[in-house]
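Please keep the sequence and the model open while reading.

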Amino acid sequence: MFGFSRPQSIAFLAMVALIAVCPYVLYPVFLMRVLCFALFACAFNLMIGYVGLLSFGQAAFFGMGSYVSAWTIKFWHVDAVVAILLGGATGAVLGLFLGYLAIRRSGIYFAMITLALAQMVYFFCVEAPFTGGEDGIQQVPRGHLFGVINLNNDMAMYWVVAAVFIAGFLLIHRIIHSPFGQVLKAIRENEPRATSLGYRTDDYKLIAFILSCMLSGVAGGTKAIVFGIATLTDVHYSTSGEVVLTTLLGGLGTVFGPVVGAVVVTSMENYLAQFGSWVTVTQGAIFVLCVLAFRRGIVGEIGAALRLGL
Amino acid sequence: MIMIFGIPGPLLFGQLLLGLINGAFYAMLSLGLAIIFGMLNIINFAHGALFMMGAFAAWMLLEYAGIGYFPALILAPLIIGAFGILLERTLISRMYKLDHLYGLLLTFGLSLVIEGLFRNYYGSSGLPYQIPKVLQGATNLGFMYLPNYRAWVVAAALVVCFSTWAILEKTSLGAKLRAATENAPLVQAFGVDVPRVITLTFGGGVALAAFAGVLAAPIYSVNPDMGDNFINTVFAVVVIGGMGSILGAILTGFGLGVIEGLTKVFYPQASATVVFLVMVIVLLTMPHGLFGKRA
Amino acid sequence: MLEVKGLNAWYGESHILHGIDFEVREGEVVTLLGRNGAGKTTTLKSIMGLVPRREGSIKFRGAELVRLMPHHIARHGIAFCPEERGIFGSLSVTENLLLPPVVAPGGLGIDEIYTLFPNLKERARTAHGTRLSGGEQQMLAIARILRTGAKLLLLDEPTEGLAPVIVQQIGRTIREIKARGFTVLLVEQNFRFAQTVADRHYVVEHGRVIDMIPNHRREASMDKLHEYLGV
């Protein structure tokens, strides 16, 4: 089904079941936060796990998606779905421009260039009037979906977010298991070979990047609508670092790693928020520990122990 | 009053000086990064945090031990350099056998830990550090007033940068370092203790960052965020200069500082982003950077 | 001087050397002959400590080297001249020449080196090591290890890819070095050249030493050699 292997299908169904059940047990707002970041992490994972490129500037796309969705829903009164799609489009267009600049390099250079470009976007957002600067765009209304469903009801909003997440998750999966995805895999494993076979590898990588940025924008836009606010934090490099941490902890290149990572990181931040800067220290410590001793991440380790590809 | 392009002379020169100062910091920090990258093939994300630690070391030396600025210029780099060596021996050296990206992630994590700890302990408001008496005040040059301390910063940075360049390019120690960058196993087979050379190089790069931190302490108040503020622009500088050359890092750093300073005069809104705009142009025209080696 | 017993070596999962045994006496020139992939270069690299996983015994003047790091092995008095020559492009010719540190007394002085290698003296000012021709690079690679005071020199295919005139020059150089008391362990595929300089030949095949042929008895062994080397 959808190109999932047997164990993956089981895991997928389990995940959907959990998504359906959890809001009755846990706070929907917390879960929505998890889902937004899970989608963001999945989008990031597409680049690092399947194309092999570490983008250290994903906050630019997440944050711009957040700003655009917030702005259009607040000032143009568009439907939430439209706002989210516009957020995704913003991510894609920005991804096209920034990706074009970065894609010719790889490895560390790509990471640094994406970081620097994202920093540029951040500084732009600090100055640009439409972002509201330090205050951000506040009191973003959720509105009524399709003019009918009142999204101010947390449960209603939750199902929308859940739908967005699952759609994004499946889209990524389809991409990976399509012929396009096969070429990406070939590029990751032996780029010179792929080039010699006639593939314009930079184009493929760029398209993957644009898709990743689009979904990051979708995640950002959804988050802005759920929480009613878009701020500079969304474009700050700490958000870029956070999504890297989430995916690393969950498991780079695994299907469910980013989701698990998002659950853990969001819960941890929730708990530690009361302790101020300890969040940063903990994040850093987890980074260090993961890189030293836990590079496969939670899902990667489980997968290795069970000998399954998850 | 002299007017240049419609800007009053003193204002222009004042901003140029500020630009040179920023450029001095960009140069010192990107030099340290370039050295570390050349030897270890790791982007030291913790460089900004170590710069900050250098400033804090100067402050702590004064606060707790009564040790003043000039001794701190030597002690702080030694202390923080030693800390850097400890980091390299215990953590960073484990990254050499892995994909280079893991080194980046490790140092990024370290920067979060260091900055988080300092923020917890000292808060985000700055701690004051006085300009040493002998460097206070300003000199009247006729076309502008030159603040003595700031002139000292630029001069000290130039001396340190070009001394480093001279050591690397003109001495036999530098030859060993350059050779080790090219083919470390062979240099080791000749009898050079390459692992120790690598450790000392990292320590040296860190010491350079800490030295810059001490220089920065009187100008920017000593606070945990000071590394952050610089390091992201420094990465752009490094991308522009290309990772290949020491001289490139120095020239690019100073040059971009000056460009930034000039932009503040003529077009202030763009001053924060101008460095990145230059980076975009360079990426479009010379993807390997101005001084980078063609891969 | 050098005693290798039961040397096994791996590159990752690949088991390259399956128990190499041979010895080199002081003042000798000994060659390791064999086809491509036999393990000759791996043997030299193992002696030098450049192969990550090795087991067995490598005794140099009584000292056991097999567990040591390359820079310690060099300090015992062994020097290495790799197959690719290893001339550093970012260093000048003079810097390349002076790079290897002196590990023991008794190395050649700069003047002696320039006497032996007059071409290098001419090219000494060249800014980049890699601007030299292949033959000049080979001379430089040999010259720089003569300065260090190392007594055992490991040379990996010094004549590879070089014109016959240069090959002869290298042969003369090796005989000259030998006359000055150096010991040389040479890896070669070119038997024609090897017989002009060596005292003894070991034949290596599939990671083992399968034969030893003294140079003065090579005529009698020509058939065997042709078979071993596939010439």
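In which helix of chain B does His47(B) lie? His47(B) belongs to helix H2 (residues 47–65) of chain B; helices here are DSSP runs of H or I of at least four residues, numbered from the N terminus.

This is a predicted model, in which local features need pLDDT of at least 70 and side-chain atom pairs count only at pLDDT 80 or more, while totals for chains, interfaces and linings use all residues. Residues are numbered from 1 along each chain as its sequence is written, chains are lettered from A and ligands numbered from 1 in the order in which they are written, and side-chain values use heavy atoms, with hydrogens and water left out.

His47(B) counts as buried because its relative accessibility is 0%. Buried means under 20% relative accessible area, exposed means over 50%, and partly exposed lies in between (1.4 Å probe, protein chains only). With neighbours within four places in sequence left aside, His47(B) is in contact with Leu29(B), Gly32(B), Leu33(B), Ile36(B), Gly205(B), Ala209(B) and Ile231(B). Contact means heavy atoms within 4.5 Å.

Ser30(B) sits in helix H1 (residues 9–40) of chain B. Ser30(B) is also buried, since its relative accessible area is 1%. Its side chain reaches the backbone oxygen of Ala249(B) at 3.5 Å. Beyond neighbours within four places in sequence, Ser30(B) is in contact with Val234(B), Val237(B), Val238(B) and Ala249(B).

**How the chains meet**

Two pairs of chains are in contact, and chains A and B share the most contacts. Chain A and chain C do not touch, and their nearest C-alpha atoms are 19 Å apart. The size of an interface is often given as the accessible area lost when the parts come together. Buried area is taken as the accessible area (1.4 Å probe) that two parts lose on being put together, summed over both.

| Chain pair | Residues in the contact | Area buried | Share on carbon and sulfur atoms |
|---|---|---|---|
| A and B | 39 residues from chain A, 42 residues from chain B | about 3,700 Å² | 81% |
| B and C | 17 residues from chain B, 22 residues from chain C | about 1,600 Å² | 65% |

Helices H4 (80–102), H5 (107–127), H10 (237–250) and H12 (278–293) of chain A each give at least two residues to the side that touches chain B. H5(A) provides the largest share of that side, 14 residues.

Between chain B and chain C there is one salt bridge. Glu95(C) forms a salt bridge with Arg178(B), with the closest N and O atoms 2.6 Å apart. Seven residue pairs are in polar contact across the interface of chain B and chain C (both at pLDDT 80 or more). On chain B, the elements that give two or more residues to the side touching chain C are helix H6 (172–182) and helix H7 (184–189).

**Nonpolar cores**

A nonpolar core is a set of buried Ala, Val, Leu, Ile, Met, Phe, Trp, Tyr and Cys residues joined through side-chain atoms within 4.5 Å. The largest has 285 residues, and those with the most contacts inside it are Leu54(A), Phe165(A), Phe169(A), Phe25(B), Leu2(C), Phe22(C) and Leu185(C). Helix H2 (residues 28–51) of chain A gives the largest share of this core, 17 residues. A second, separate core of eight residues includes Phe191(C), Ala194(C), Val203(C) and Leu229(C).

**A loop position in chain C**

Val102(C) is placed in the loop between helix H3 (93–98) and helix H4 (110–116) of chain C. Val102(C) is partly exposed, because its relative accessible area is 45%. Not counting residues up to four places away in sequence, Val102(C) touches Arg75(C), Arg147(C) and Thr148(C).

Conventions. A salt bridge is a side-chain nitrogen of Lys or Arg within 4 Å of a carboxyl oxygen of Asp or Glu. A polar contact is a pair of N or O atoms within 3.5 Å; within protein, one must be able to donate a hydrogen and the other to accept it, and residues adjacent in sequence count only if both atoms are side-chain atoms.
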